[in-house]
Amino acid sequence: MVRIDIMTLFDETVGDMMNESILGRAQERDLIRIEAHQIRAYTLNKQKQVDDYPYGGGHGAVMQADPLYQCWKHITDAYGPGHTIYLSPAGKTFTQCEAKRLLRDYEHLILVCGHYEGIDERFIEACVDEELSIGDFVLTGGELPAMVVADAVARMVPGVLPDPECFEDESHWSGMLEYPQYSRPETWHGRTVPPVLRSGNHALVARWRRKQSILRTFRRRPDLYEKLDFSSKEDQKLLQELIEEEADFQPRR
């Protein structure tokens, strides 16, 4: 079973979110366990204060090392050592490849949610194994990034989704963006589902989806497109068709 512990100032909000829908059902079946821990519960002062002014001056406050450490120590004492990740704008960018790495390498993750101007560097030095960021922007806290990481990792645990194809066909799994999806009704506001998807021919559907994934990746993420391998004969045929059908499409240099 994969275990994910989240250190946060908003344990009820995070816990409620992580116990809903697919992840909630997976926890009921003991495939995963996600638990949020209130950092304030581990401070020794009566005011439950977890932050203080930064040394050297400056705006805002910094989360103190000891409440973080005491919370982290409780988790490791109760559930064993875990790979500790601080969600930080200064961290390495989190991607689908990173999610696969975390699932492959670790059965226990501890996610640390910062707030204010950050957390005391001494806690990072003593307890954090790596820092991850979900993008080049700054949020008011680490809860959203932590839930993103937890969701991305947990949904790939065997049995959480009904079939590996549920995530292996999605954007970024193979380096491409996912093909367009459609559902009923067949015609909506004058827009009709592509006929191939109604043909019942699974081989043609798979071919159409591959072709659409190539085109979508080319148009939306040229940086990903340039890294793709189109050496197979079938991909070469799809590329030629796209050149003939789409005025803006260009084969990779």
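Leaving aside neighbours within four places in sequence, Y182 is in contact with V193, P194, L197 and W208; contact means heavy atoms within 4.5 Å. The C-alpha atoms of Y182 and L87 are separated by 35 Å, the two residues being 95 residues apart along the chain.

## Basis of the model

This is a predicted model, in which local features need pLDDT of at least 70 and side-chain atom pairs count only at pLDDT 80 or more, while totals for chains, interfaces and linings use all residues. Residues are numbered from 1 along each chain as its sequence is written, and side-chain values use heavy atoms, with hydrogens and water left out.

## Backbone features in loops

The loop between α7 (165-168) and β8 (187-188) also holds P185. A cis peptide bond joins R184 and P185, with omega at about 10°.

Two residues other than glycine have a positive phi: D30, with a value near 60°, and K48, with a value of about 55°. D30 is placed in the loop between α2 and β2 and is partly exposed, with a relative accessible area of 49%. K48 is placed in the loop between β2 and β3 (51-52) and, at 37% relative accessibility, counts as partly exposed.

## Nonpolar cores

A nonpolar core is a set of buried Ala, Val, Leu, Ile, Met, Phe, Trp, Tyr and Cys residues joined through side-chain atoms within 4.5 Å. The largest such core has 28 residues, of which I4, I6, M18, I32, I34, L102 and L111 touch the most other members. Two or more residues each come from β1 (2-8), α1 (11-18), α2 (21-28), β2 (32-38), β5 (83-93), α4 (96-105), β6 (108-113) and α6 (143-154). Helix α6 gives the most to this core, with 7 residues. A second, separate core of 18 residues includes M7, W72, V112 and I124. In soluble globular proteins, nonpolar side chains tend to be buried together.

I32 touches M1, V2, L23, A26, Q27, A154, V157 and V160, when residues up to four places away in sequence are not counted. Within helix α2 lies G24, which is buried, with a relative accessible area of 6%.

## Helix packing around α6

Helices α1 and α6 pack at an angle of about 25°, with their axes 11 Å apart. Axes are lines fitted to C-alpha atoms, for helices over the stretch in contact, and angles run from 0 to 180 degrees between N-to-C directions. The angle makes α1 roughly parallel to α6; angles under 35 degrees count as roughly parallel, over 145 as roughly antiparallel, 65 to 115 as roughly perpendicular and the rest as oblique. The contact is made by V14, M17 and M18 of α1 and by E143, M147 and A150 of α6.

The axes of α4 and α6 come within 9 Å and cross at roughly 65°, which makes α4 roughly perpendicular to α6. Here the contact is made by A99, L102 and L103 of α4 and by V149, A152 and V153 of α6.

## Cysteines

A disulfide is a pair of cysteine sulfur atoms within 2.5 Å, and by this rule the count comes to 0 disulfides. C71 is in no disulfide, the nearest cysteine sulfur, that of C113, being 9.9 Å away. At 0% relative accessibility, C71 counts as buried. C127 is likewise in no disulfide; the nearest cysteine sulfur is that of C71, 11 Å away. C127 also counts as buried, at 6% relative accessibility.

Conventions: Buried < 20%, exposed > 50% of the residue type's maximum accessible area, 1.4 Å probe, protein only. Helix = DSSP H or I, 4+ residues; strand = E, 2+ residues; numbered from the N terminus.
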